[in-house]
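Dear colleague,

I am passing on the structure below, and I would be glad if you could read it alongside the notes that follow.

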Amino acid sequence: SVTSIGQGVFFGCTSLTSIVLPKELTNINDYTFSNCHSLTTINIPESVTSIGFRAVQGCSSLTSVTMPKSLQAIGMLAFAGTSKLLDVYCYAETLPSTESNAFNDSPLKRATLHVPASALNTYKNTAPWNGFGAIVPLSDEDIGT
């Protein structure tokens, strides 16, 4: 029944490698996972509508992020400095309002963005999403069909 995790709760946690977020969570607050250098993946539950300022910034081991269909907004520098990011799965068919610097200092040119086929062109034509090296439709396996 947890709907919110306080701002900066896991900030700088050095041993957090993965986390299962509550299904009732509605947003990821500012600095929640900032500088969690061991965090490798994060799967954001379907109930989340926003990701806050620097929420996942500086997670230098993060390779994969899954964002839900319900996502509406991504804050400034939310994923900045995620230097090993390789795959972002964004199920949102309506492009989330995203700050242009949400992925600052992240090597997007070598990362792949997986999005719904119906929204592929929108992601390809909108910053910062168009900075990904590859933007591909979600596969049937990704969608669960």
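**What was found**

Read from the N terminus, the elements of the protein chain follow one another as β-β-β-β-β-β-β-β-β-α-β-α, which amounts to two helices and 10 strands. Please bear in mind that this is a predicted model. The radius of gyration is 14 Å, close to the 15 Å that the globule rule gives for 145 residues, so the chain is as compact as a globular protein of that length. Along the principal axes, the C-alpha atoms fill a box of roughly 35 × 35 × 25 Å.

Turning to the sheet, five strands form an open sheet in the order β1-β2-β4-β6-β8, and their pairing is parallel. Because β1 (4-5) and β8 (97-98) each have a single partner strand, they stand at the edges, and one side of each is left without a neighbour in the sheet. Within the sheet, strand β2 (residues 27-28) pairs with strand β4 (residues 50-51) in the parallel sense over two bridges, and the bridge partner of Ile 28 in β4 is Ile 51.

The protein chain exposes about 6,800 Å², of which carbon and sulfur atoms supply 50%. Finally, the charged side chains comprise 7 positive and 10 negative ones, and the centres of these two sets lie 7 Å apart.

Methods. Residues numbered from 1 in each chain as written. Predicted model: local features only at pLDDT ≥ 70, side-chain atom pairs only at ≥ 80, totals over all residues. Heavy atoms only, no water. Helix = DSSP H or I, 4+ residues; strand = E, 2+ residues; numbered from the N terminus. Rg over C-alpha atoms; globule rule 2.2 N^0.38 Å. Areas by Shrake-Rupley, 256 points an atom, 1.4 Å probe, with all protein chains shown as cover. Lys, Arg positive; Asp, Glu negative; His and termini not counted. Charge placed at Lys NZ, Arg CZ, Asp CG, Glu CD. Pairing = 2+ DSSP bridges.
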